[in-house]
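Me: I'd like to learn how to read a protein model. Could you walk me through it, one feature at a time?

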Amino acid sequence: AFAIGSWNPITNFLDATTGLSFVGAGANKTIIDGLRAGNRLGRGLVLESSRSGNPADFSVISIAFQNFGDEAAYGNDVTCDRAVFRNNGGPNWDGGALYADGDLETSGCLFVGNRGWSGGAVASQYNWIDYGSTFIGNRAMRGYGGAAYVDKIVQLHGTVFQQNTAALGGGALWYGAANNWIHDLGVITLDRVIATGNVAEGGSG
C-alpha cells in the first residue's frame, strides 16, 4: 500500500508527501538486495518530505533488506514489523540497518550481521520500542551500541541480543540518555530481554 509520493531520479530518494507503508509477501519472498555486480549500493530506502525537506514517516512489513553499503532504511518515525535486515551498513553512518530521525518501533524483526558507526543494526534520535525482535552478530564499528544506539526512551519486550560487538561501549545496547550531560534523562524498560555473548571492546556494557 502506498501513499502519495514520487521517486526523485536525481537523488534516488523517494519524495514522500505523507507516510508510506511498504508491505511484502513475507521476508523470505520479498527481498530488496543492495548487491549489484559484486558491489554494494549505498543507502537503501530513504524517504524525505517534499514539504519540509526532512525525513518522512514510513512503515515496513514482511520485507527483507540485505547487502546495502549504508543504512538499508532511513526516515523520521519508522515502524518495522516482521522485517529482516542482513549484512547492511558500514563505518560512516549510525544504524547500519535502520536509522530513525524520530521514533522507532520494531516488532518480530531479525537483524543479522549489520554494521554502523554507532548502533550496528538500529539507531534512533528519540525513542525505541521493540516487541520480540532478535539481533545477532551486529557491530558498531567506531562507536557505541553493537546492536542499537538510542538517545531517549527505550522499551524492550522479549528482545534477544546475541554476539553483538561495539568498538567502544554497549556491546548490545547504548542508551544515550545515560550521558545526562548531553541528553535529557529518559526511561529504559527491559522486559524478558535475553543478552548473551555481547562485547564492548573499548568501554563498559
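Predicted model: local features only at pLDDT ≥ 70, side-chain atom pairs only at ≥ 80, totals over all residues.

Me: How many aromatic pairs does a search of the whole structure find?

Reply: Rings of Phe, Tyr and Trp (its six-membered ring) pair if their centres lie within 6.5 Å; planes under 30 degrees apart are stacked, over 60 edge-to-face, and the rest tilted. The search turns up eight. Take phenylalanine 65 and phenylalanine 85: their ring centres are 5.2 Å apart and their planes at 5 degrees, so they're stacked. Phenylalanine 65 sits in strand β9 (residues 64-66) and phenylalanine 85 in strand β12 (residues 84-86), so the pair ties together parts 20 residues apart in sequence. Strands (E, at least two residues) are DSSP runs, numbered from the N terminus. Phenylalanine 65 and phenylalanine 85 are both buried. Phenylalanine 111 and phenylalanine 135 are stacked too, at 4.6 Å centre to centre and 0 degrees between planes.

Me: What order do the strands of the open sheet have?

Reply: Two strands pair if DSSP finds at least two bridges between them. The seven strands here go β3-β8-β11-β14-β18-β22-β26, with parallel pairing. β3 (20-23) and β26 (188-191) are at the edges with a single partner strand each, so one side of each has no neighbour in the sheet. Inside the sheet, four bridges join β8 (residues 58-61) to β11 (residues 78-81). Isoleucine 61 stands opposite aspartate 81 in β11.

Me: And how many disulfides are found?

Reply: A disulfide is a covalent bond between the sulfur atoms of two cysteines. The cut-off is a pair of cysteine sulfur atoms within 2.5 Å. The search finds zero. For cysteine 80, the nearest cysteine sulfur is that of cysteine 109, 5.2 Å away. Cysteine 80 counts as buried at 1% relative accessibility, and cysteine 109 is buried with a relative accessible area of 3%.

Definitions and conventions
Residues numbered from 1 in each chain as written. Heavy atoms only, no water. Buried < 20%, exposed > 50% of the residue type's maximum accessible area, 1.4 Å probe, protein only.
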